[in-house]
Amino acid sequence: MKNIIFILLVAAICGCDSFLSEEPDNRLQLNNAEQIQALLVNAYPDGTWYFVEWMTDNTGKTLNNIMLSHMTEIYTFQKVRSKFQDTPTYYWTSAYRAIAHANQALISLEEIECKEDLRNALKAEALLCRSYAHFMLVNLFAPHYDKTTAATTPGVPYVTDVEEKLIVKYKRESVADVYKKAEADLLEGIRLKSISSEKYFLALKYHFSLQAAYAYASRFYLFTENWDEVIKYADLLLGKGYNSKYIRDYSKINKGNPTVNTQNFSAYDEQSNLMLIRKEVFADPFYRIGYRMTYDIYQQIFFRAENDVRGLQLWIGNETKTSYYLSKFYWALEDESYAYEIMPLFRGEEVFLNRLEALIQKNSTETLKDADEQLEKFITNRYGGGNQQIPFTYAHYKSQYKSLSSGEISGKDFYMKIIVDERRREFVQEGLRWFDMKRFALFPVSHEDINGNIYTLPIEKSALEIPEDAIINGLQPNYNKENVNGIK
C-alpha cells in the first residue's frame, strides 16, 4: 500500500519524479471501511525525526566511530544532501506521504456506506494523523512557535486535499496558521474519538488511541504555552496527582542484557508506552557509527549517575572512558536488508512532565506546592539505583540542585531548572531535547568534529532547511547560504 498512485501531493511538495509518470485516474478506488482502515496504517510517517538528537548538546566527538556523511553534516549543522533514512528530507517526504493517506481516507469516508461509529473512529484517526504530521513538520522546518511573531513566520504547507493534478504549487503557510489548522484537526479528532469505540483496532497502541490523543494535546499546548490546556489533557490521561501507572519501573526494564532492555523499553504491555510506531532507521541502533554521546556528556547529564536508574540502562563500560551509549529502542532487520525500530511516540512520562511544567509556569502557591509533591514521587522513583544503603532522598536532590545553581535560585526558577534537566535525562536519545532547546532558547550549541574543528549553531538557524526538491518546486527556503554556519 505504500506506493498508492493517488498520492500526488508528494510529487508536488517533494518533487518526486517517479510520481509524474502516472495518470491521476489510475489511483486506487476505496470502496469500503476495511480498505480505508488498511489505508490508515500508512498515515503515520515511517521516517524518523530522531536525527535532531545529533544536533543537540547530548552529542559530542566520538573518535573511534565510523563516520557517515549525512550524520556528520547534521552534527556540524551543514546542508544535508542525502535523502536517505535519518535525514530531514526523508522525514519530510514520509510525513507528507502519511498526510496524503490521511486525506484520502477522509475523502473516501464521505463516499462510502458504513456504521457511523466506525466512520467516526476512522475519521478521528485520520484527523489526528494529519494534525500530528503537520505539527512535527512545522516544529522541525520552522522556528519555534512565538505568539508575537507566528503570524508572520513561514511555516510549512498544510495540505487537506488529495490532488487531481500532477503538478500543484504549494506555499508555506505561517506558523500561526499551521498551528491553528493542526489544533482544529486535533480537537475534532479527540471529539470523534470520545464518542466512538476503539474496538476496531486490534493493536490499539499502534494507532492514535484516545490516550495517545490526550498525550499529543498536552505536547501541542505546551509548545503554545497554554498551561491550562496542558493540565486539562494531562489530567484526562493521568487523573489528578501522581499516577505511577504511567511512570515506567526501570527495575522491570534493566535486566543487564542490552537487547532485553530495549525489548522491555519498547514493550507493548508497558503502560507508559501510550503509542508505539515502527520507524525505518539506519544509524540509530549502531552505536559505533557517527557522533554520539560521550562519557563526559553522560556524566554531565546524569549528575547522580550512580543513582539514576535511567543511566544504568543506557551505558556500558568503565571509568577508563571506553564506554559506549546504547539504543533505547528495540530494533531488528527486515529481510536482512534494512533496520527498523519500535519507538514510543508518546510516553506517560512526557505527559507527566508536561503537566509539571505547566503547574510551575502558572507560578501560584498552590500549583508550586502541587508540582513539588508530584516531583518528589518522580524523583524517588528515578533515583533508586546504585548503592541504596544510604538512600538518595528528595531532600538531598534539592539540596544538590541548590548547590549546582549559580547564585540564589528559588520558586519557579528553581523548579523550571529541575524540569528542563529532568526532561533532558528522561528523553535522552529520543529527540525531544532539540525541541526543548528551541523552546527555552538553549543556544548557541557548539560541536567539535574529529579533526578539532568547531561548529556553532545560533538560535536564528535552528529551523531545518526546507528540502532542496521542495525548494526547486517553489517553496521558500529558510536560508540563502548553503551552510548554516562555517567553521570557527
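## Exercises on buried charges and helix packing

Glu357 has a relative accessible area of 0%, which puts this residue in the buried class. Keep in mind that the model is predicted.

**Exercise 1. Find the salt-bridge partner of Glu357, and work out which helices the pair ties together.**

Step 1. Glu357 forms a salt bridge with Arg439, and the closest N and O atoms are 2.8 Å apart.

Step 2. Glu357 belongs to helix H12, while Arg439 sits in helix H16 (residues 432–439), so the pair ties together parts that are 82 residues apart in sequence.

Step 3. Now check burial. Arg439 has a relative accessible area of 14%; the cut-off for buried is under 20%, so Arg439 is buried.

**Exercise 2. Examine the salt bridge between Glu349 and Arg382: how far apart are the closest N and O atoms, and which helices hold the two residues?**

Step 1. In this salt bridge the closest N and O atoms are 3.3 Å apart.

Step 2. Helix H12 (residues 348–362) holds Glu349 and helix H13 (residues 365–382) holds Arg382, so this pair links parts 33 residues apart in sequence.

Step 3. For accessibility, Glu349 is buried at 0%, and Arg382 is also buried, with a relative accessible area of 0%.

**Exercise 3. Describe how H12 packs with H15: what is the crossing angle, and which residues meet?**

Step 1. The axes of H12 and helix H15 (residues 411–426) come within 10 Å and cross at roughly 165 degrees. An angle over 145 degrees counts as roughly antiparallel, so H12 is roughly antiparallel to H15.

Step 2. As for handedness, the crossing of H12 past H15 is left-handed.

Step 3. On the H12 side, the contact residues are Glu349, Glu350, Leu353, Asn354, Leu356, Glu357, Ile360 and Gln361. They meet Lys412, Tyr415, Met416, Ile419, Glu422, Arg423 and Glu426 in H15.

Step 4. Sorted by class, this contact has six nonpolar, two polar and seven charged residues.

**Exercise 4. Inspect the backbone around Ala441 and Pro444, then look at Phe77.**

Step 1. Ala441 is not a glycine, yet has a positive phi of about 55 degrees. This alanine lies in the loop between H16 and S6 and is partly exposed, with a relative accessible area of 44%.

Step 2. Pro444 is in the loop between H16 and strand S6 (445–448). A cis peptide bond joins Phe443 and Pro444, with omega about 0 degrees.

Step 3. Phe77 also has a positive phi, near 60 degrees. The loop between helix H3 (69–75) and helix H4 (88–109) holds Phe77, which is buried with a relative accessible area of 3%.

Definitions and conventions: Residues are numbered from 1 along each chain as its sequence is written. This is a predicted model: local features need pLDDT of at least 70, side-chain atom pairs count only at pLDDT 80 or more; totals for chains, interfaces and linings use all residues. Side-chain values use heavy atoms; hydrogens and water are left out. A salt bridge is a side-chain nitrogen of Lys or Arg within 4 Å of a carboxyl oxygen of Asp or Glu. Helices (H or I, at least four residues) and strands (E, at least two) are DSSP runs, numbered from the N terminus. Buried means under 20% relative accessible area, exposed over 50%, partly exposed in between (1.4 Å probe, protein chains only). Axes are lines fitted to C-alpha atoms, for helices over the stretch in contact, and angles run from 0 to 180 degrees between N-to-C directions. Angles under 35 degrees count as roughly parallel, over 145 as roughly antiparallel, 65 to 115 as roughly perpendicular and the rest as oblique. A crossing is left-handed if the near helix is turned anticlockwise from the far one by less than a right angle, and right-handed if clockwise. Contact means heavy atoms within 4.5 Å. Ala, Val, Leu, Ile, Met, Phe, Trp, Tyr, Cys and Pro count as nonpolar, Asp, Glu, Lys and Arg as charged, and the others, Gly among them, as polar.
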